[in-house]
Amino acid sequence: MKLNSRCFPSGALAYSELDPAVRMVAKLFEKTPYLPFLPNISKDDTVLKRTLENIPGITLNGKKVVFQLGSDKYKQQLADLEKACNNPTKELLEPYAIESVFMEKFGCLINKFKSTEACVNILGPFTLSQILMNAAEEQMPADKSFKKLFIQAVCVKALWAINRIKEVSKSTIPIIVLEEPMLANLGNLKRDNEDITVEYVTGMLAKVVEKIQPTGALLAVQCFDKCDWKIPINAGVDIISFDAYNNPNNLCIIPDSVIEFLERGGKINWGIVPTLNESLVKNINLDLIEKRFINTLEGLVIAGVPRPLVYNSALVSLQGDVDKLPLIFAEKALMLATQLSKRIPTVKKH
């Protein structure tokens with residue numbers, strides 16, 4: 001698998017107006033435009049709303065995800081969801097359309113540049129299963145009986161995005177990025193609920209892989225906290241994306257799994273450009289971040305992963321969202337990631 005850009009786009013941007021956001025995405029992500037979150041333009045432009053709007057039984061109350069089964073329409077809605085998931089025509093998927101203030105411009109950019117890839121971020125099925133509240137806004141324990149709903153909810157959103165990208169440009173490869181922050185809490189969740197096992201989570205992700213990859217799209221899993229990366233690797237995803245600035249050694253403990261993943265064509269996105277606060281961004285420069293990046297890659301080489309695999313599979317990105325940063329520093333971080341991506345060495349195999 002070869003991607004035409006080694007800068008991996010994702011996350012929330014700091015713009016409060018649409019036009020400068022479009023110009024920046026066009027400038028930096030011509031080959032791989034993406035559908036950014038723009039919460040400073042629309043407070044509803046969030047991964048929760050993007051993923052969960054019009055999903056049966058689920059309503060959003062601010063940042064809380066409330067799950068109610070009392071509606072008379074619920075069973076019919078479940079049947080419609082399953083039908084759309086199994087027969088993803090434009091008509092059946094339309095009720096699950098992703099709304100975004102950037103959506104029209106996203107299509108225009110893909111069409112204008114005939115982009116080789118295009119990215120859309122949504123919530124992953126495991127995280128979805130762990131953030132539900134009941135009508136009284138009390139945490140709901142995950143129930144295996146709803147596993148199918150979580151998987152299908154993610155799949156129909158991903159399939160709609162894939163169809164949308166393909167409508168604009170048949171040659172463009174969609175990349176669906178599953179945000180899975182709850183992977184970082186798996187240890188605690190397993191202690192609280194014996195049903196939440198590594199196999200359970202791997203199986204959920206594998207079901208999404210089975211549905212998405214046959215469309216020709218690529219599937220990425222992104223988690224910016226420490227987690228067990230063997231889970232998405234064993235599920236068969238194409239790209240793993242992690243915070244390499246704060247957690248540089250997260251992959252060094254599983255070199256055999258990383259080797260297997262990279263040998264089958266997988267890519268690693270190293271979220272190495274810091275975005276945690278204004279001071280951090282203000283004080284970094286390209287040479288400093290390049291040195292840190294190379295040292296981080298070499299850590300994985302020392303752990304036993306062949307250098308050509310490490311370097312030739314590497315993508316780079318920000319370590320997280322930049323919507324809370326002053327615009328000047330948000331743009332600096334974006335440009336540093338793009339500049340760094342052009343400095344990734346290519347290593348020949350011996």
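I take helices as DSSP runs of at least four residues, numbered from the N terminus. With that in hand I looked up which helices line the second largest pocket: H1 and H15 each supply at least two residues of its lining. I note that the model is predicted.

**Entry 1: second largest pocket**

I read off a space of about 240 Å³ for the second largest pocket. I find 13 residues in its lining, and Ser5, Leu28, Lys31, Thr338 and Lys342 lie nearest its centre. By class I get 3 nonpolar, 5 polar and 5 charged residues for this lining.

**Entry 2: largest pocket**

I then turned to the largest pocket, which holds about 970 Å³ of space. Its lining comes to 36 residues. Those that lie nearest the centre are Phe37, Val47, Glu179, Pro181 and Asp321.

I checked which elements contribute to the lining of the largest pocket. Sorted by class, the lining of the largest pocket has 20 nonpolar, 8 polar and 8 charged residues.

**Entry 3: H1 against H5**

I went back to H1, residues 18-28, and looked at its packing with H5, residues 103-113. I note in passing that two packed helices are described by the angle between their axes and the distance between the axes. Here the axes come within 11 Å and cross at roughly 30°. I record the crossing of H1 and H5 as right-handed.

On the H1 side I list Leu18, Val22, Val25 and Ala26 as making the contact, and on the H5 side Lys105, Leu109 and Phe113. I count 6 nonpolar residues, no polar ones and 1 charged one in this contact.

**Entry 4: salt bridges**

How many salt bridges does the structure hold? I find 10.

I looked up two of them by name. Lys148 pairs with Glu82, with 3.0 Å between the closest N and O atoms. This pair links distant parts of the chain, 66 residues apart: Lys148 sits in helix H7 (residues 147-168) and Glu82 in helix H3 (residues 74-86).

The other one I looked up is between the side chains of Lys49 and Glu53, at 3.1 Å from N to O.

How values were computed:
Residues are numbered from 1 along each chain as its sequence is written. This is a predicted model: local features need pLDDT of at least 70, side-chain atom pairs count only at pLDDT 80 or more; totals for chains, interfaces and linings use all residues. Side-chain values use heavy atoms; hydrogens and water are left out. Axes are lines fitted to C-alpha atoms, for helices over the stretch in contact, and angles run from 0 to 180 degrees between N-to-C directions. A crossing is left-handed if the near helix is turned anticlockwise from the far one by less than a right angle, and right-handed if clockwise. Contact means heavy atoms within 4.5 Å. Ala, Val, Leu, Ile, Met, Phe, Trp, Tyr, Cys and Pro count as nonpolar, Asp, Glu, Lys and Arg as charged, and the others, Gly among them, as polar. On a 1 Å grid over the protein atoms alone, a cavity is a set of points where a 1.4 Å probe fits but cannot get out, and a pocket is an open set with protein on both sides within 12 Å along at least five of seven lines; lining residues have an atom within 4 Å of a point. Grid points are joined across faces, edges and corners, and a volume is the space filled by probe spheres set on the points. A salt bridge is a side-chain nitrogen of Lys or Arg within 4 Å of a carboxyl oxygen of Asp or Glu.
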